[in-house]
Amino acid sequence: MHLVSVFQHSVYLELALLDLERTGIPKEKILALSLDKGNFNYLSSVRASHQEGQSYVDLLFIGGMLGMLLGGIYGFVLDFGPVIWGLIGMIGGAVVGLLVEFLLSGPKMFKRTTTADVVLIVDCSDAQTAAVERILWQHQPLGVAKQPMSTAD
């Protein structure tokens, strides 16, 4: 059975390779192919790696904090007191922060921007297939596929 999986260059790929060797898959049965990206632009890769770690909830927390602060301050002069107005301000500020973040980032907020870097092909017996597939899924691949070996070989 051939198991084909796609990974990013990361420590998870290395850990997957180590776990595969620990389960008894010899190195000769594991093929890791790094994909050639063609013309590599260093500045765009730095920009992409910076955006990859971008958090979309920062404005939500900031808006919630500011709303809670203002609700707590003005709650001393309003009915229900500062605690209730602080909670109302926190929820309202969080909603406003989320709306602002959605308006600024738009649909790209929900897009997956990861790219495939390494194709890993594992040649194993049918008895080892479940264990190898479990190991691959534990190490955050972008995808895993199974292909039975042809009997004509």
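Axes are lines fitted to C-alpha atoms, for helices over the stretch in contact, and the angles between N-to-C directions run from 0 to 180 degrees. The structure described here is a predicted model.

**Helix packing**

Two packed helices are described by the angle between their axes and the distance between the axes. For helix 3 (residues 58-74) and helix 4, the angle is about 150° and the axes lie 6 Å apart. Angles over 145 degrees count as roughly antiparallel, and helix 3 and helix 4 are therefore roughly antiparallel to each other. Their crossing is right-handed.

Four strands form an open sheet in the order 2-3-1-4, with antiparallel pairing. Strand 2 (30-34) and strand 4 stand at the edges with a single partner strand each, so one side of each is left without a neighbour in the sheet. From one strand to the next, the twist averages 15°. Helix 1 (residues 11-22) packs on this sheet and touches strand 1, strand 2 and strand 3. The direction of helix 1 makes about 10° with that of strand 3.

| Strand pair | Sense | Bridges |
|---|---|---|
| Strand 2 and strand 3 | antiparallel | five bridges |
| Strand 1 and strand 3 | antiparallel | six bridges |
| Strand 1 and strand 4 (residues 143-147) | antiparallel | five bridges |

Ala32 stands opposite Leu120 in strand 3.

The side chains of strand 1 (residues 2-7) alternate along its length.

**Two buried loop residues**

Asp117 lies in the loop between helix 4 (81-105) and strand 3 (118-123). Buried means under 20% relative accessible area; at 16% relative accessibility, Asp117 therefore counts as buried. Asp117 is 108 residues apart from His9 in sequence, yet the C-alpha atoms of the two residues are 5.9 Å apart in space. The side chain of Asp117 reaches the backbone nitrogen of His9 at 3.3 Å.

His139 occupies the loop between helix 5 (129-138) and strand 4. With a relative accessible area of 7%, His139 is likewise buried. The side chain of His139 makes a polar contact of 3.0 Å with the side chain of Asp19. A polar atom of the His139 side chain also lies 2.7 Å from the backbone oxygen of Ile135. When neighbours within four places in sequence are left aside, His139 is in contact with Phe7, Tyr12, Leu15, Ala16 and Asp19.

How values were computed:
Residues numbered from 1 in each chain as written. Predicted model: local features only at pLDDT ≥ 70, side-chain atom pairs only at ≥ 80, totals over all residues. Heavy atoms only, no water. Buried < 20%, exposed > 50% of the residue type's maximum accessible area, 1.4 Å probe, protein only. Polar contact = N/O pair within 3.5 Å; in protein donor to acceptor, adjacent residues only side chain to side chain. Pairing = 2+ DSSP bridges. Parallel < 35°, antiparallel > 145°, perpendicular 65-115°, else oblique. Left-handed = near helix turned anticlockwise from the far one by under 90°. Contact = heavy atoms within 4.5 Å.
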